[in-house]
Amino acid sequence: MSKLLIVGTVAFDAIETPFGKTDKILGGAGTYIGLSASQFNVDSAVVSVVGDDFPQEYLDLLTKNNINIEGIEVVPGGKTFFWSGRYHNDLNSRDTLDTQLNVLADFKPVVPTEYKDAEIVMLGNLHPLVQLSVLEQLESPKLAILDTMNFWMDNALEDLMEVISKVDVITINDEEARQLSGEYSLAKAAKKIATMGPKYVVIKKGEHGALLFHEEQVFFAPALPLEEIFDPTGAGDTFAGGFAGYIAKTGDISFENMKNAIIYGSNLASFCVEKFGTERMVELSGEEVDSRLEEFKKLTQFEIALT
Ligand code: AMP
């Protein structure tokens, strides 16, 4: 089993979906990644920053899920990162209503000494300079995985390109892959992104699954057709957390193993969307995860006679 270091926002989110609206609730890329990866019982730590308006019970929730929070700085008098979004009726697209960086604006991350030798690092969504600084503090990670979003392409592209050039895997959604590459075809987009640095390109397509590209190889995993989707917030991060958590648990960074990591990521993301915010992830049991994996197998397995 490998150590997993995670960096990402630990945040307040306010969400509107066609089914309802929440006030400030627990969110953030680092939170979702950590909760998802905790399903694999790996030794993980989150590096992030919050203000002193952040409830202790949220930090306790992370600790309770075996996530080391030594690297989460609490800034006295500071305000926690806040994001608010509204989903369209298709639940696949959303508008960002507000992004308040607050304490994230001046954040200088410090990787806890115990995690400087982490083999797997998951650079979750936040400022690319923070992601870069975390990467530079690590001794020699076996696999660096990066997740990002259009906000950073629009606001810090040069820094983002630098971090992209230094990672092994990038996970990105289809719209963002098109924006980053300037290509409409996802196959062409993946090829172009691979020339920027990452040897493995994972393109997330929401309810339409995910694609993994590596050199001339491609793998596709569907998303489960769910009856209940309440809130897609955090699905991308939960996917990334499942991917990174599985790789950390197995310690195997081959393309073949990454296929399984994609399935685990999709499986966990399918739970995340069933309730608002982190609600579903914190109550999730190992039995539920396993039984849904069976459904995934049934969904994709078939016998066919070639004539
Ligand atoms: P996802 O739905 O997986 O794309 O991630 C949603 C999470 O990302 C929310 O919980 C937000 O707090 C967080 N988030 C939104 N915008 C940003 C941003 N610009 N940087 C970092 N995290 C963000």
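This note sets out numbered points on the predicted model shown above.

1. Basis of the values. Because the model is predicted, local features are reported at pLDDT of at least 70 and side-chain atom pairs only at pLDDT 80 or more, while totals for chains, interfaces and linings use all residues. Residues are numbered from 1 along each chain as its sequence is written, and side-chain values use heavy atoms, with hydrogens and water left out.

2. The largest nonpolar core. This core (a set of buried Ala, Val, Leu, Ile, Met, Phe, Trp, Tyr and Cys residues joined through side-chain atoms within 4.5 Å) holds 56 residues, of which Leu-4 and Ile-262 touch the most other members. Helix 9, residues 255-272, gives the most to this core, with nine residues; helices here are DSSP runs of H or I with at least four residues, and strands are runs of E with at least two, numbered from the N terminus. Apart from it lies another core, of 46 residues, which includes Val-7, Ala-118, Val-134 and Val-167. Throughout, buried means under 20% relative accessible area, exposed over 50%, and partly exposed in between, with a 1.4 Å probe and protein chains only.

3. Surroundings of Leu-4. If neighbours within four places in sequence are left aside, the residues in contact with Leu-4 include Ala-37, Val-42, Tyr-115, Ile-120, Met-122 and Ala-248, where contact means heavy atoms within 4.5 Å.

4. The hairpin of strands 14 and 15. Strand 14 (residues 210-214) and strand 15 (residues 217-221) pair in the antiparallel sense over five bridges, pairing being assigned if DSSP finds at least two bridges between two strands. Two residues lie between these strands in the hairpin, and Leu-211 has Phe-220 as its bridge partner.

5. Salt bridges. The whole structure has 13 salt bridges, each defined as a side-chain nitrogen of Lys or Arg within 4 Å of a carboxyl oxygen of Asp or Glu. One of them joins Lys-199 to Asp-168 at 3.0 Å, N to O; Lys-199 lies in the loop between helix 7 (186-195) and strand 13 (200-204) and Asp-168 in the loop between helix 5 (157-164) and strand 12 (169-173), so the pair ties together parts that are 31 residues apart in sequence. Lys-199 is partly exposed at 47%, whereas Asp-168 is buried at 15%.

6. Lys-191 and Glu-216 meet through their side chains at 3.8 Å, N to O; since Lys-191 lies in helix 7 and Glu-216 in the loop between strand 14 and strand 15, the pair ties together parts that are 25 residues apart in sequence. Glu-216 is exposed, with a relative accessible area of 66%. Lys-192 forms a salt bridge with Glu-183, their closest N and O atoms being 3.9 Å apart.

7. A network. Glu-274, Lys-275, Arg-280, Glu-283, Glu-288 and Arg-292 are linked in a network of salt bridges.
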